Amino acid sequence: MEHQEYYIIRGDRSGVFFGQITERHDREVTLTNCRRVWYWAGAASLSQLAAEGVKEPMSCRIAVPVEELTVLDAIELIRCTDAAVANIKAVPEWRR
């Protein structure tokens, strides 16, 4: 089975997402195994989030995973390191 990379995707107005890219057409990006990143603690930027993950997982607000999601306004795609993927996946699901 081929290893599929995870990315941090920043939308112009839709927010920040963590997931695997399955399709991309211009600014439209379809993700699987995706979580919306509402708030992260312990990373100064999305670049650091993609490189290292978070330092304060209990303070983060990273929503429940969805099977598939399409972002229509992607303006930044940052590939995550394996360490960041493991770290972000371990952050408890934020829900109400």
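**Charged pairs and their strands**

Modeller: Arg-95 counts as exposed, because its relative accessible area is 57%. The cut-offs are simple: buried is under 20% relative accessible area, exposed is over 50%, and partly exposed is in between (1.4 Å probe, protein chains only). This is a predicted model, so local features need pLDDT of at least 70 and side-chain atom pairs count only at pLDDT 80 or more, while totals for chains, interfaces and linings use all residues. Residues are numbered from 1 along each chain as its sequence is written, and side-chain values use heavy atoms, leaving out hydrogens and water.

Arg-95 has a partner. It forms a salt bridge with Glu-93, and the closest N and O atoms are 2.6 Å apart. A salt bridge here is a side-chain nitrogen of Lys or Arg within 4 Å of a carboxyl oxygen of Asp or Glu. Glu-93 is partly exposed, because its relative accessibility is 37%. The whole structure holds four salt bridges.

Another of them joins Arg-10 to Glu-76, with 2.7 Å between the closest N and O atoms. This pair links distant parts of the chain: Arg-10 is in strand β1 (residues 7-11), Glu-76 is in strand β6 (residues 74-79), and they lie 66 residues apart. Strands are DSSP runs (E, at least two residues), numbered from the N terminus. Arg-10 is partly exposed at 34% relative accessibility. Glu-76 is partly exposed too, at 25%.

Asp-12 and Arg-27 also meet through their side chains in a salt bridge, at 3.8 Å from N to O. Asp-12 sits in the loop between β1 and β2, and Arg-27 in the loop between β2 and β3, so the pair ties together parts that are 15 residues apart in sequence. Asp-12 is partly exposed, at 47% relative accessible area. For Arg-27 the value is 38%, so this residue is partly exposed as well.

Now follow the strands around those loops. β1 and β2 run antiparallel and are joined by four bridges. Two strands pair if DSSP finds at least two bridges between them.

Go on to the next turn. Strand β2 (residues 16-25) and strand β3 (residues 28-39) are antiparallel, with eight bridges joining them. Phe-17 has Arg-36 of β3 opposite it. β2 and β3 form a hairpin with two residues between them, and Asp-26 in the turn shows a positive phi of about 55°.

One is strand β5 (residues 66-71), paired with β3 in the antiparallel sense over five bridges. There, Cys-34 has Val-66 of β5 as its bridge partner. Another is strand β4 (residues 61-63), which pairs with β3 in the antiparallel sense over two bridges. In that pairing, Tyr-39 stands opposite Arg-61 in β4.
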